[in-house]
Amino acid sequence: MIYHDLIAIKEKELAARKKIVLRCCMAAGCMSSDAKGVKEQLVKAVAEAGLQDQVEVRGVGCMKLCCEGPLVQADPQNSLYIKVTAGNAPSIVAALKGGKANAAQTDPDAAFFKQQFSIVLANSGVVDPERIESYITADGYQALHEVLHEMTPKDVVEAMVKSGLRGRGGAGFPTGLKWGTVAKSPGARKYVICNADEGDPGAFMDRSVLESDPHSVLEGMAIAAYAVGADQGFIYVRAEYPLAISHLQIAIKQAKQHGLLGAGIFESPFNFNIDIRIGAGAFVCGEETALMASVEGKRGTPRPRPPFPAESGLFGCPTLLNNVETFANVPAIYRKGAEWFAGIGTEKSKGTKVFALAGKIKNTGLIEVPMGTPLRVIVEEMGGGAPDGGTIKAVQTGGPSGGCIPSQHLDTPVDYESLGKLGSIMGSGGMIVMDDSTNMVEIARFFMEFCMDESCGKCIPCRAGTVQMHNLLDKIANRQATARDLAKLEELCDMVKNTSLCGLGQTAPNPTLSTLRFFRNEYEALLQPDPFGPRGSGAANQPELATK
Amino acid sequence: MAAKTLTIDGKQISAEEGATVLQAATEAGIKIPTLCHLEGVYDVGACRLCIVEITGTPKLLPACTTKVAEGMEIKTQGGRLQKYRRMILELLFAERNHVCAVCVSNGHCELQTLAYSQGMEHVRYDYTFPKWGVDTTHRLFGMDHNRCILCTRCVRVCWHIEGAGTKNVAGRGGRSKIITDLNQPWGDSDSCTECGKCVMACPTGALFHKGLTTGEMEHDRDKLEFIVTAREKKQWVAAD
């Protein structure tokens with residue numbers, strides 16, 4: 001494959017393109033409500049109407065407004081059909097020639113769509129994720145070609161530094177710095193790993209990216225591998241994402257067939273292969289050292305850092321580990337330039353962030369917004385606020401490692417620093433909206449239970465501490481706790497945060513700490529009077545006990 | 001090997017490059033409490049008892065896996081370290097069924113000794129009283145999961161000193177368990193070489209030699225009578 005072949009594929013695709021495209025969302029959300037049946041019926045209806053030459057029915061990835069699925073969009077009519085059933089298909093096809101279809105519609109220019117700024121999701125819902133030609137038509141693999149033929153690995157790293165991209169897995173480590181460290185680490189063998197072990201409750205950004213645009217992740221990984229000098233990549237994806245795994249397998253196979261993975265990519269001396277490793281359902285394997293242990297075939301438990309993976313990672317070799325969304329940003333950065341990317345977002349948080357909007361909110365689904373967008377814009381304008389006339393109480397970000405941002409802070413811009421100041425984190429992008437019916441102690445208990453179940457059991461603070469913290473939260477929620485128990489809980493939160501081995505334990509207390517910070521009254525309202533009085537006062541304050 | 005100079009608890013010391021903070025401290029006579037650490041096998045930094053404060057590092061780091069560096073300033077004692085260590089021990093005692101009074105290791109148990117030395121007077125957390133079994137299927141050794149603190153010393157000696165790979169960890173979180181082979185009774189294990197290294201390594205009474213448990217300490221009172229009868233009646237007969 002040379003550049004000319006790439007352009008030839010694109011031109012062939014464009015020449016064969018039909019006038020009308022019916023895009024059917026075939027991502028997991030819509031699939032669960034019979035998107036497959038809808039697509040089949042649309043194909044049938046098109047054939048019956050004799051429109052095969054004019055209408056293409058294209059299965060695409062996530063079209064973002066997940067709560068209204070299955071979604072079908074007709075272009076260029078710009079009609080977006082929602083909650084489509086197989087029975088709606090003939091009427092949708094009939095409406096292509098004018099008239100109104102007998103299917104519910106929504107405004108494709110509503111705030112939910114208009115306020116989005118797509119880099120990572122640019123191809124999501126547009127390209128057919130099962131066809132590499134579709135990705136190439138959207139200028140796919142052009143960045144890889146340019147990088148391999150116009151840039152040295154050093155240039156690639158420098159451009160990444162200039163772009164200001166930060167890791168989208170949650171911690172926000174500067175990606176360029178990470179690439180530079182791996183590139184400089186001595187070693188004959190290096191690895192690139194894509195962390196697709198997305199496990200936060202309510203988060204489905206990475207799944208959507210993999211299902212909707214797997215080639216962008218492969219291209220991003222290949223560029224990264226060239227930059228750091230790796231020839232082997234792994235995608236660690238959780239087994240609970242069968243569609244993502246299948247799309248990845250198809251994408252890798254197609255990329256190999258087209259010479260975009262394998263030996264001598266684009267007729268350059270650069271070789272790169274990608275293999276898939278499937279997780280076995282442990283949340284902790286999203287932690288980088290546990291993930292690498294799991295890739296190596298060992299029990300997925302974290303180990304102390306340093307040494308960091310950049311120096312000694314997979315099989316003891318320097319390893320670059322980035323998240324799905326981070327890699328998905330990469331092709332656009334090299335195609336459009338680091339300056340372009342650095343111009344988006346805030347001073348310290350560049351680019352965009354994808355969020356999975358879920359919970360008590362009207363429009364649930366995927367959104368991508370520039371960094372620095374106020375939370376209020378996301379939940380009220382794009383999300384449409386709380387359903388059924390409720391009011392928003394808090395927004396949870398960062399999953400079990402994050403915190404709850406109360407409604408009085410809704411004007412906070414979404415960037416790494418601002419969320420950190422409020423005791424939450426950007427996280428990988430789960431955003432759970434809570435309305436005034438939500439009990440914050442229950443929320444804290446839920447996340448603590450999650451961490452307790454997912455603790456690997458290696459270090460004591462996390463293994464035994466989460467059990468005790470959950471026990472105390474349980475007592476509080478069941479109105480069996482006293483102020484003394486609350487003090488014990490806070491003391492444990494501090495201890496587990498400071499002494500745990502890996503990020504799971506270090507951040508497990510965050511949902512509890514953050515709800516305590518902003519909703520302490522809810523905890524206190526559940527406390528029972530202490531039969532022994534406040535510490536140190538003995539029975540003096542309890543005359544009825546003192547006399548017994 | 002180049003030497004590194006560093007300060008531990010205000011004391012200036014030197015240590016070999018590549019040494020851990022724990023090694024440097026031990027050499028300088030500074031005691032840092034440890035539990036999962038075992039001389040002779042690699043460290044995992046799991047028990048978190050040896051956490052120390054290093055100036056300029058926001059996180060507390062385990063002394064056993066942290067390498068010394070030039071000019072490092074380390075604090076091994078102090079308010080919050082002491083408090084955290086005590087809490088870790090309390091968590092351990094509340095986690096499984098540690099009943100010293102009936103334990104084979106009572107009096108020479110590392111967990112017990114640490115609790116004394118760290119000033120753990122009582123356990124403030126609710127005991128969980130989990131139901132764990134005892135595996136006495138092995139000819140020579142027994143494993144009481146109630147007393148296990150999951151330090152994985154046994155696993156490490158089995159894999160890296162004996163090379164048998166019999167012991168391992170299964171399950172996760174509080175349900176983690178030391179297993180033999182693929183979670184079979186120890187007595188059925190094909191890989192166990194009966195070397196006993198795991199028992200040597202165990203810091204508590206979780207792994208023990210058979211015949212030493214309180215239940216097995218039978219008092220043979222009849223024998224006294226037998227001897228007395230022999231002496232007085234000059235007859236070797238059992239008392240009826």
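**Reading the chains and their helix packing**

Reply: In chain B, 58% of the contacts with a separation of 6 or more are accounted for by residues 24 or more positions apart. Please keep in mind that this is a predicted model. For chain A, among contacts between residues at least 6 apart in sequence, 72% join residues at least 24 apart.

Me: What does the radius of gyration say about chain A?

Reply: For 548 residues a compact globule would have a radius of gyration near 24 Å, and the 25 Å of chain A agrees with this. The C-alpha trace of chain A spans about 95 × 65 × 40 Å along its principal axes. Within chain A there are 23 helices and 14 strands, and 56% of its 548 residues count as buried.

Me: How many residues of each chain take part in the contact between chain A and chain B?

Reply: The contact involves 23 residues of chain A and 25 residues of chain B. On the side of chain A, the elements that give two or more residues are helix 18 (440-454), helix 19 (460-477) and helix 20 (483-499). Helix 19 of chain A provides the largest share, eight residues. Sorted by class, the side of chain A that touches chain B has 11 nonpolar, seven polar and five charged residues.

Me: How should I describe a pair of packed helices, and how does this apply to helix 18 and helix 22 of chain A?

Reply: Two packed helices are described by the angle between their axes and the distance between the axes. Helix 18 of chain A packs against helix 22 (residues 510-526) of chain A at an angle of about 135°, with the axes 8 Å apart. These two helices of chain A are therefore oblique to each other, and helix 18 passes helix 22 in a left-handed crossing.

Me: Which residues make this contact?

Reply: Helix 18 of chain A contributes Met440(A), Val441(A), Ile443(A), Ala444(A), Phe447(A) and Met448(A). From helix 22 of chain A come Pro511(A), Thr512(A), Thr515(A), Phe519(A), Glu522(A), Tyr523(A) and Leu526(A). By class, the contact of helix 18 with helix 22 of chain A has 10 nonpolar, two polar and one charged residues.

Me: At what angle do helix 8 and helix 9 of chain A pack, and how far apart are their axes?

Reply: Helix 8 (residues 153-163) and helix 9 (residues 175-184) of chain A pack at about 155°, and their axes are 7 Å apart. Angles over 145 degrees count as roughly antiparallel, and helix 8 and helix 9 of chain A are therefore roughly antiparallel to each other. Helix 8 of chain A passes helix 9 of chain A in a left-handed crossing.

Me: Which residues meet between helix 8 and helix 9 of chain A?

Reply: Pro153(A), Val157(A), Met160(A), Val161(A) and Ser163(A) of helix 8 meet Thr175(A), Gly176(A), Leu177(A), Trp179(A), Gly180(A) and Ala183(A) of helix 9. The residues of this contact divide into seven nonpolar, four polar and no charged.

Methods. Residues numbered from 1 in each chain as written. Chains lettered and ligands numbered in written order. Predicted model: local features only at pLDDT ≥ 70, side-chain atom pairs only at ≥ 80, totals over all residues. Axes fitted to C-alpha atoms, helices over the stretch in contact; angles between N-to-C directions. Helix = DSSP H or I, 4+ residues; strand = E, 2+ residues; numbered from the N terminus. Parallel < 35°, antiparallel > 145°, perpendicular 65-115°, else oblique. Left-handed = near helix turned anticlockwise from the far one by under 90°. Contact = placed C-beta atoms within 7 Å. Nonpolar A, V, L, I, M, F, W, Y, C, P; charged D, E, K, R; others polar. Rg over C-alpha atoms; globule rule 2.2 N^0.38 Å. Buried ≥ 20, exposed ≤ 12 C-beta atoms within 10 Å, placed from the backbone.
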